[in-house]
Amino acid sequence: CVGLPTRVCGLELGGVSRGDFDLLTSDATAFGPMTHRTNYLQLNTDLGAFDAQYFWNRYDFNVLSTNIDEDLTLNTHDIDLSYQYAVGPHTLLGGAGGRYEQLDSNIFDPDGTKTEWMWDLFLQDEWRLCDPVTWFGTIRLDRHPISDYNFAYRTSLVYEPVENHVVWA
């Protein structure tokens, strides 16, 4: 495998890897050699309190056996956006994210292509109660094609007696 990441001005632009391997190769399984290739593109930026990330990953896989000569391709696109705003002892963080996946193969789906779209929205309040104690409250709404809409909330109290050591409940 060869990885070729390229970083320019804090942005990781992309990379590629390629490999060949055998999986359970034998007369009993009838599986022969398999090849794969992975490509990706990653763009990250932060503009002060605003952060954005885009990530694309493409996975190409070929399965060869006595009965199968199948190419499978999976494309995944992720985008995440967030904004942080500090006011007094509170630091508010809000954001949104999305993922689009496309699978091309007739092994799993007779139509050959399966797609999924997922998204999320969130808001978090980080409230510094006193120097070593911080309260976190988070709400989140997301949608997944299998579980549909989900609403979640979480709260925690964090105590940091010394730097880089925390106790939370």
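**A close look at one aspartate**

Guide: The protein exposes about 11500 Å², and carbon and sulfur atoms supply 59% of that area (Shrake-Rupley method, 1.4 Å probe; for residues, only the protein chains shown count as cover). Please keep in mind that this is a predicted model, where local features need pLDDT of at least 70 and side-chain atom pairs count only at pLDDT 80 or more, while totals for chains, interfaces and linings use all residues. Residues are numbered from 1 along each chain as its sequence is written, and side-chain values use heavy atoms, leaving out hydrogens and water.

The protein has ten strands and zero helices, and its pattern along the sequence is β-β-β-β-β-β-β-β-β-β (DSSP runs numbered from the N terminus; helices are H or I with at least four residues, strands E with at least two). Of its 169 residues, 26% count as buried (under 20% relative accessible area; exposed is over 50%, partly exposed in between; 1.4 Å probe, protein chains only).

The part to zoom in on is Asp120, which lies in strand E7, residues 113-130. Asp120 is buried because its relative accessible area is 13%. Leaving aside residues up to four places away in sequence, Asp120 touches Gly95, Ala96, Gly97 and Gly98, along with Arg140, Leu141 and Asp142. A contact here means heavy atoms within 4.5 Å. Across the protein, 34% of the contacts with a separation of 6 or more join residues 24 or more positions apart.
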